[in-house]
There are 2 protein chains.
Amino acid sequence: MTASNRITIYDVAERAAVSVATASKALNDTGRMAAETRERVKRIATDLGFRPNVLARNLSSRHSRSVGLLTDDTYGRFTLPVMAGVSAALIDHGVSVLLCALGDDPVMGRAYVETLLDKQVDGIIATGKRLDRPLAIDAAQLPLPTVYAFALGPPEALSFVPDERQGAALAVRHLIAQGRRRIAHITGPESFHVVGERAGAFRAMVGEAGLAANDALVLPGAWTESWGHEAVARLFNRAEAPDAIFCGNDQIARGVIDALRERGLGVPSDVSVIGFDNWEIVAEQARPPLTSIDMNLKELGRQAGAALLRLINGEAAERGVVKLPCSLVLRNS
Amino acid sequence: MTASNRITIYDVAERAAVSVATASKALNDTGRMAAETRERVKRIATDLGFRPNVLARNLSSRHSRSVGLLTDDTYGRFTLPVMAGVSAALIDHGVSVLLCALGDDPVMGRAYVETLLDKQVDGIIATGKRLDRPLAIDAAQLPLPTVYAFALGPPEALSFVPDERQGAALAVRHLIAQGRRRIAHITGPESFHVVGERAGAFRAMVGEAGLAANDALVLPGAWTESWGHEAVARLFNRAEAPDAIFCGNDQIARGVIDALRERGLGVPSDVSVIGFDNWEIVAEQARPPLTSIDMNLKELGRQAGAALLRLINGEAAERGVVKLPCSLVLRNS
DNA sequence: CTGAAAGCGCTTACAG
DNA sequence: CTGAAAGCGCTTACAG
């Protein structure tokens with residue numbers, strides 16, 4: 001029936017002594033037929049090693065079983081885990097992910113998105129290097145189901161982001177549970193949205209616990225080891241030194257740990273330290289290994305992928321911002 | 001001719017008063033026909049806003065115009081720029097990139113690759129988190145054109161990697177050109193292949209220039225700021241201190257710069273410092289901003305993508321390891 | 001419960 | 001130089 005020697009649905013149908021229509025319905029669990037027929041067709045397909053030609057299926061069914069993944073990230077510390085999660089969620093449903101690496105140039109971006117639309121993607125996932133900076137392309141305008149992952153879309157869209165406040169609260173609660181009473185927060189530049197979120201949650205938790213909620217204990221700076229180092233110098237040259245430090249990321253925490261050691265302070269015996277991001281290469285190499293907050297980005301990607309699948313299938317429209325919980329990864333700091 | 005209201009090649013043919021066969025050939029620059037006819041068809045297609053249905057084209061032409069991108073990276077510092085380059089090289093040719101995020105589990109990996117093959121990808125790009133660690137899947141066994149990007153494939157395959165030795169030599173040559181005579185190399189763990197490569201090139205260049213090629217001037221350690229800090233302590237507590245330091249990455253370099261400042265040494269007045277990776281967020285924030293070596297990973301991805309296109313088109317088979325030059329990014333250190 | 005037939009929208013020998 | 005026709009390998013109304 002077919003020129004090439006690849007097994008087609010015609011071969012399966014012939015062998016099962018049914019029509020290709022019936023074979024198709026049997027394999028796709030559609031239509032009605034005797035259960036025995038369906039089973040037989042499926043078994044024969046497996047025996048023959050039949051793999052449906054996706055290209056043909058796409059043309060008939062008029063959709064591509066693929067989604068576009070838009071990103072403006074060319075560095076990837078946070079984006080790649082999200083992408084891996086999206087991909088994992090979709091692959092089991094035979095949906096593949098087309099990568100579309102946008103630059104910061106909207107004109108180029110639009111051209112890229114055009115080719116994505118030409119490929120007839122069934123939906124779009126938008127992600128980006130920073131939560132608080134929109135992509136060069138307005139993905140929500142696209143005539144397609146769209147989900148934002150580790151990126152904030154417009155209110156009428158569906159966005160998945162880490163719950164920064166919950167993550168920060170988790171960190172502070174952990175320190176309090178260790179019996180710490182004077183907790184400082186050393187964090188990144190105030191221009192980052194997450195810095196405000198985490199600092200807000202920090203203040204709230206500390207206040208709630210009836211501890212000293214002194215603004216001098218919140219130190220915004222840079223996302224670097226050396227800032228952690230420097231901030232420790234500032235904090236510990238005062239009368240009342242903290243007994244715990246919640247750091248805005250793991251690199252800061254690493255600088256903090258090193259600075260404390262240089263001062264002869266034990267971690268965690270004298271001062272408890274907790275990081276954020278759970279960047280394994282940094283957290284595990286610290287001495288002692290660093291306790292940290294994990295944003296579960298792969299899981300976030302997975303949920304975004306699953307939600308996009310639901311939208312594509314026309315299930316109840318979801319919208320708004322879904323904040324996913326962070327988790328505490330205990331090490332020895 | 002068609003049920004939907006989307007513009008098809010039938011609409012174009014009708015309007016141009018030619019057959020669909022001629023329209024197809026005109027638009028694809030195949031076949032022979034009067035130049036005038038070709039132009040007219042193209043113009044009408046543009047006027048009508050005709051966009052060919054890629055799904056149909058794929059089925060007829062029996063290829064998907066897509067390639068699979070295999071990676072085992074879920075962190076992405078180096079992989080994402082490579083991916084962006086690959087994507088940029090292919091998108092202009094209407095070829096899209098299917099992301100396939102392998103875990104470290106070969107069984108899962110194999111299943112993922114199966115679905116990629118089902119999608120009839122025309123080729124594969126394999127990349128990974130570390131140059132010197134193979135993927136869980138042996139991509140070279142796949143019955144498809146395959147290119148390795150920022151990953152070493154088997155000798156019979158085509159691999160693109162940065163020229164580590166050239167990059168290191170570039171760094172050392174720059175320091176020598178600044179009049180530096182006693183150059184140290186502070187770098188990462190010896191278990192990394194790149195550490196050996198860069199250190200080898202460092203020794204060769206220093207020897208060639210007739211400078212002190214003392215093994216005590218090569219300090220392997222960790223990829224962290226704190227190791228840079230510590231290594232400076234070791235180097236400068238000796239009689240003969242270096243006047244230049246070539247660092248294995250930018251984080252080390254940052255620690256080095258901070259440590260030198262703490263010792264009251266001027267950078268670059270007393271000691272020149274150069275990093276590796278050109279990780280902008282680190283290099284630009286250093287005080288002074290850090291001169292560094294850039295591996296040009298996006299360009300590497302671009303070349304790998306272009307090479308894969310050539311393989312897919314059946315042009316002369318290429319193989320072996322292509323080392324792409326690094327470049328020097330001058331800042332103020 | 002099953003099948004014949006049309007159709008998805010292109011491309012590509014082949015004939016003229 | 002141009003076109004009629006078959007074909008890519010499935011799916012899906014529709015008829016029975």
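In the predicted model, strand β2 (residues 96-101) of chain A pairs with β2(B) in the antiparallel sense, over three bridges. Within this pairing, A:Val97 has B:Leu99 as its bridge partner in β2(B).

The contact between the chains takes 42 residues from chain A and 42 residues from chain B. On the side of chain B that touches chain A, two or more residues each come from α4, α5, β2 (96-101), α6 (106-118), α9 (225-236) and α10 (250-262). Of these elements, α5(B) provides the largest share, eight residues. This side of chain B comprises 19 nonpolar, 14 polar and nine charged residues.

Chain B is superposed on chain A by a rotation of 180° with 0.0 Å of shift along the axis, at an RMSD of 0.1 Å. The two copies are therefore related as by a two-fold rotation axis. Both copies use the same surface, as 100% of the contact residues of chain B recur in chain A.

The largest nonpolar core contains 177 residues, of which A:Leu69, A:Ala149, A:Val256, B:Leu69, B:Ala149 and B:Val256 touch the most other members. Helix α5 (residues 79-91) of chain B gives the most to this core, nine residues. Leaving aside residues up to four places away in sequence, A:Ala149 touches A:Val82, A:Val86, A:Ile125, A:Thr127, A:Phe160, A:Leu300, A:Gly301 and A:Ala304.

Around DNA strand D there are 30 residues, and A:Ile9, A:Ser24, A:Ser60, B:Ala21 and B:Met33 come nearest.

How values were computed:
Residues numbered from 1 in each chain as written. Chains lettered and ligands numbered in written order. Predicted model: local features only at pLDDT ≥ 70, side-chain atom pairs only at ≥ 80, totals over all residues. Near = placed C-beta within 6 Å. Least-squares fit on C-alpha atoms with pLDDT ≥ 70 in both. Contact = placed C-beta atoms within 7 Å. Core = buried A, V, L, I, M, F, W, Y, C linked by C-beta atoms within 7 Å. Buried ≥ 20, exposed ≤ 12 C-beta atoms within 10 Å, placed from the backbone. Helix = DSSP H or I, 4+ residues; strand = E, 2+ residues; numbered from the N terminus. Nonpolar A, V, L, I, M, F, W, Y, C, P; charged D, E, K, R; others polar. Pairing = 2+ DSSP bridges.
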